[in-house]
Amino acid sequence: MTDRPHLAVIGAGPAGLAATVAAAAHGVRVTLLDSAAQAGGQFYRRPAAELRAHRPQALHHDWRTWERLRDGLDTHVKAGTARHLTDHHIWFVERHPGRFTVHALLGPEQEDPVAVHADAVLLATGGYEKVLPFPGWTLPGVVTAGGAQAMLKGTLAVSGRIAVVAGTGPLLLPVATGLAAAGVEVAALVESADPKAFVRRTLALAAQPGKLAEGARYAAQLARHRVRTLARHTVVEGHGTERLEAVTVAALDGAGHIRPGTGRRIPCDTLAVGHGMLPHTDLAETLGCRLDAMDVHVDDEQRTDVSGVWAAGETTGIGGSALALAEGHIAGRSAAARLRGRAPDPREWAAAARTRTRLREFAAALDSVYAPPAHWTEQVTDDTVVCRCEEVTAGAVREAVAELGAGDVRTAKLLTRAGMGWCQGRMCAPAVAGLAGCELTPSRRPFARPVPLGVLAHEHTHPTERGSS
Ligand SMILES: Cc1cc2nc3c(=O)[nH]c(=O)nc-3n(C[C@H](O)[C@H](O)[C@H](O)COP(=O)(O)OP(=O)(O)OC[C@H]3O[C@@H](n4cnc5c(N)ncnc54)[C@H](O)[C@@H]3O)c2cc1C
């Protein structure tokens with residue numbers, strides 16, 4: 001099989017799996033790399049085998065698609081047309097004329113370097129959650145909505161007994177229903193979006209009957225578990241000393257301000273909160289790929305503007321797992337054809353292309369209705385920690401803006417250290433942008449992961465000595 005052209009697919013979520021299966025079936029050798037111990041990404045996250053879950057599918061919908069992808073990957077691994085490298089944390093993709101080196105870190109400390117050489121690269125690195133700060137958000141018991149979901153799917157554990165699920169976005173629905181089905185009392189689902197916005201986009205949303213049915217299923221589950229939904233509301237404060245004991249939620253007016261006198265306290269030990277998602281674009285940025293706002297730009301074949309680099313799934317824009325699957329399939333087919341020296345025939349993926357068009361329209365409609373409160377920064381007191389890694393408060397960021405003239409996230413970072421810590425601003429950048437009153441822009445980090453200096457020094461002196469192809 002070594003005479004086949006070699007494609008490195010980074011990310012084993014729905015997009016990367018669909019791409020791997022499609023490309024391996026059409027004449028290329030695929031190496032699928034992911035930092036996780038199992039394939040599946042965020043959507044098909046499953047309990048570790050040692051937990052011996054009897055019915056892991058109970059926490060999922062669309063399980064058949066997972067079985068199809070898993071079986072497809074297994075078939076290609078057995079045939080030698082694909083290999084799956086788990087626990088590979090990719091920190092950099094290096095571009096050489098006509099080929100690429102994917103640099104990864106292995107091991108529990110992520111300190112052992114390895115390099116994989118390939119003729120082309122397909123980025124399927126997904127997205128991550130956006131969380132905006134409020135007083136009390138750093139208390140133990142406050143978790144991200146996706147984090148609560150990941151804990152449930154990955155470890156079969158829940159983070160408390162009484163939860164409030166809050167923020168904005170479609171992810172709150174599976175989180176609230178998943179926690180309720182797992183036996184957690186979900187005291188409220190607090191969504192800041194305005195129901196009137198859904199009515200205004202009825203046509204675009206109703207054009208997806210499958211998605212409407214999914215929404216109706218969630219509504220029925222919320223009703224069955226007696227979960228109270230508070231639309232056009234937001235969490236203004238988390239209370240507690242050692243850990244979370246309650247939250248205060250309040251109603252929003254039409255302009256996104258808190259309605260005075262509407263605050264109410266809800267006792268809970270868990271707050272699962274999220275304000276949408278952002279694409280993972282670090283690897284694309286360092287490769288020099290063009291971004292459209294925060295998304296990797298791709299053409300109809302899912303090619304980036306850098307020759308030999310494809311991208312699929314949520315790295316190209318947040319849109320859900322079904323869109324990621326369609327994009328991954330198209331990217332895999334296109335990469336396979338082009339690596340074998342053929343111009344692909346788009347008729348071969350016409351069905352996936354139609355699905356992609358429909359779901360991108362649906363995602364745009366959802367994006368226009370789900371939004372954090374327009375004036376969320378008004379609730380953030382000066383002593384609220386904004387950058388958790390460097391313990392920078394909202395007051396420090398405001399001072400940098402008002403007194404030192406910081407007008408963008410990068411200047412605020414240089415003046416306050418917000419965004420200089422371990423997560424490199426992935427968590428705090430949207431908050432700093434909001435407090436500074438500027439647009440959130442890509443951060444152009446040199447590496448996608450923290451890299452030990454010894455690894456960098458080794459790469460400099462012996463670039464590919466420990467590599468594998
Ligand atoms: C925490 C979380 C929970 C979610 N829960 C739900 C849910 O319950 N229901 C729902 O409908 N949608 C959920 N979503 C959204 C859904 O998961 C996505 O729509 C879908 O998974 C997108 O597929 P993807 O293949 O683009 O990316 P993903 O599924 O996110 O896969 C990306 C993969 O890339 C890997 N990766 C990224 N960067 C690197 C790197 N540098 N090195 C190595 N590997 C890397 C990741 O480990 C991951 O496995 C969730 C999203 C998140 C972030």
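**Entry 1: the whole chain**

I started with burial: of the 469 residues of the protein, 49% count as buried. Buried means under 20% relative accessible area, exposed means over 50%, and partly exposed is in between, with a 1.4 Å probe and protein chains only.

A note on ground rules: this is a predicted model, so local features need pLDDT of at least 70 and side-chain atom pairs count only at pLDDT 80 or more, while totals for chains, interfaces and linings use all residues. Residues are numbered from 1 along each chain as its sequence is written, and side-chain values use heavy atoms, with hydrogens and water left out.

Next I looked up the overall size. The C-alpha trace spans about 70 × 50 × 45 Å along the principal axes of the protein. Why does the radius of gyration agree with a compact globule? For 469 residues such a globule would have a value near 23 Å, and the protein has 23 Å. The radius is taken over C-alpha atoms, and the globule rule is 2.2 Å times the number of residues to the power 0.38.

I then looked up contacts, where contact means heavy atoms within 4.5 Å. Taking the contacts with a separation of 6 or more, 64% come from residues 24 or more positions apart.

The accessible surface comes to about 21300 Å², and 53% of that belongs to carbon and sulfur atoms. Such areas come from the Shrake-Rupley method with a 1.4 Å probe; for residues, only the protein chains shown count as cover.

Charges came next: I found 50 positive and 48 negative side chains, with the centres of the two sets 7 Å apart. Lys and Arg count as positive, Asp and Glu as negative, and His and the chain ends are not counted. The place of a charge is NZ of Lys, CZ of Arg, CG of Asp or CD of Glu.

**Entry 2: helices, strands and the record**

The protein has 14 helices and 22 strands. Both are DSSP runs numbered from the N terminus: helices are H or I with at least four residues, strands are E with at least two.

Helix α4 (residues 172–181) is mostly covered, with eight of its 10 residues buried. Among them are Leu172, Pro174, Val175 and Leu179. What do the buried residues of α4 pack against? I found α3 (145–155), β10 (162–167), β11 (185–191), α7 (209–224) and β16 (270–274). After α4 comes Gly183, with a positive phi near 100°.

In α11 (residues 394–402), I noted Ala394, Gly395, Val397 and Ala400 as buried. The buried residues of α11 pack against β21 (385–387), β22 (392–393), α12 (409–416) and α13 (429–436).

**Entry 3: loop residues**

Glu391 sits in the loop between β21 and β22. Its phi is near 55°, a positive value in a residue other than glycine. Is Glu391 buried or exposed? At 64% relative accessibility, Glu391 counts as exposed.

Asp87 is in the loop between β3 (82–85) and β4 (89–96). Asp87 has a positive phi of about 55° although it is not a glycine, and it is partly exposed, with a relative accessible area of 36%.

Gly80 lies in the loop between α2 (63–79) and β3, and counts as partly exposed because its relative accessible area is 34%. From Gly80 to Asp3 is 77 residues along the chain, and their C-alpha atoms are separated by 12 Å.

Ser307 lies between β19 (295–296) and β20 (309–311), in the loop. Ser307 is exposed at 66% relative accessible area. Ser307 and Arg95 are 212 residues apart in sequence, yet 9.9 Å apart in space, C-alpha to C-alpha.

Last, I looked at Pro260, in the loop between β14 (246–251) and β15 (264–267). Pro260 is exposed, with a relative accessible area of 76%.
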